[in-house]
Amino acid sequence: MARPRSQQHEIKRDEILEIAAQCFAERSYAAASMNDIAAAGGTSKARLYHYYESKEAILFDLLDRYTQRLLAMIGQVEATAQRRRLDDRAALHELVRAFLEEYETSATRHAALLHDSKFLGDAQRQLVGDRQRDVVPAPTRFLRRAQPQRGG
């Protein structure tokens, strides 16, 4: 039976994702190498491969986690609005606040989502794209509920 992964393992993976996102934003995914990511993280390439089998695996985990987080955030705002009985305008305000708060610390992840998903394999690109297509219309849904007179 395989040993369960330690919490430290997941923390290290989170650190690698943060560093990789920065490298992809600075150099581009195509130009950033595993050596660049390892050097930026102050580790060896061999150590990096202990956590991820490839640069594409890093990119997928980065975008997979990020799109899941965005969808979860939308769901949390909807649940909070329902639980607190917020009117539609207040719910829109909460969504905008949540997105701005998230984007304040996720600029590099967002850049990877916009520019680098094309480097994923077909199945991974489809999964990330489907989630992205679920995230994008959320603000419009909230806005239409808050301001139905705007139509459209």
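The entries below go from the whole chain to single residues.

**Ground rules.** I am working with a predicted model, where local features need pLDDT of at least 70, side-chain atom pairs count only at pLDDT 80 or more, and totals for chains, interfaces and linings use all residues. Residues are numbered from 1 along each chain as its sequence is written, and side-chain values use heavy atoms, with hydrogens and water left out.

**Whole chain.** I counted eight helices and zero strands in the protein chain. Helices here are DSSP runs of H or I with at least four residues, strands are runs of E with at least two, and numbering starts at the N terminus. The C-alpha trace spans about 55 × 35 × 30 Å along its principal axes. Of the 152 residues, 37% count as buried. Buried means under 20% relative accessible area, exposed means over 50%, and partly exposed lies in between (1.4 Å probe, protein chains only). I also looked at contacts, meaning heavy atoms within 4.5 Å. Of those with a separation of 6 or more, 69% join residues 24 or more positions apart.

**Core.** Next I looked up the largest nonpolar core, which has 39 residues. Such a core is a set of buried Ala, Val, Leu, Ile, Met, Phe, Trp, Tyr and Cys residues joined through side-chain atoms within 4.5 Å. Phe24, Ile37, Ile58 and Leu59 have the most contacts inside it. Each of α1, α2 (34-40), α3 (45-51), α4, α5 (88-105), α6, α7 and α8 (138-146) supplies at least two residues. α4 gives the most, with twelve. I then followed Phe24. Leaving aside neighbours within four places in sequence, its contacts include Tyr29, Ala32, Ile37 and Asp116.

**Helix α6.** Which residues of α6 (residues 107-115) are buried? I found Thr108, Arg109, Ala112 and Leu113. Seen down the axis of α6, they fall within an arc of 145°, so they line one face of the helix. That arc is taken from the directions from the helix axis to the C-beta atoms. On the other side, Ala107 and Leu114 are exposed. The cover over the buried residues includes α1 (7-27), α4 (55-83) and α7 (122-135).

**Packing of α4.** I checked two partners. α4 and α6 pack at about 105°, with axes 10 Å apart. Axes are lines fitted to C-alpha atoms, for helices over the stretch in contact, and angles run from 0 to 180 degrees between N-to-C directions. That makes α4 roughly perpendicular to α6. Among the residues making the contact are Leu59 and Tyr66 of α4 and His110 of α6. α4 and α8 pack at about 20°, with axes 11 Å apart. They are therefore roughly parallel. Angles under 35 degrees count as roughly parallel, over 145 as roughly antiparallel, 65 to 115 as roughly perpendicular and the rest as oblique.

**Loops.** Ser106 is found between α5 and α6. Is Ser106 buried or exposed? Ser106 is buried, at 0% relative accessible area. A 3.3 Å polar contact joins the side chains of Ser106 and Arg69. A polar contact is a pair of N or O atoms within 3.5 Å; within protein, one must be able to donate a hydrogen and the other to accept it, and residues adjacent in sequence count only if both atoms are side-chain atoms. Ser28 is not a glycine, but has a positive phi of about 95°. Ser28 is partly exposed, at 31%.
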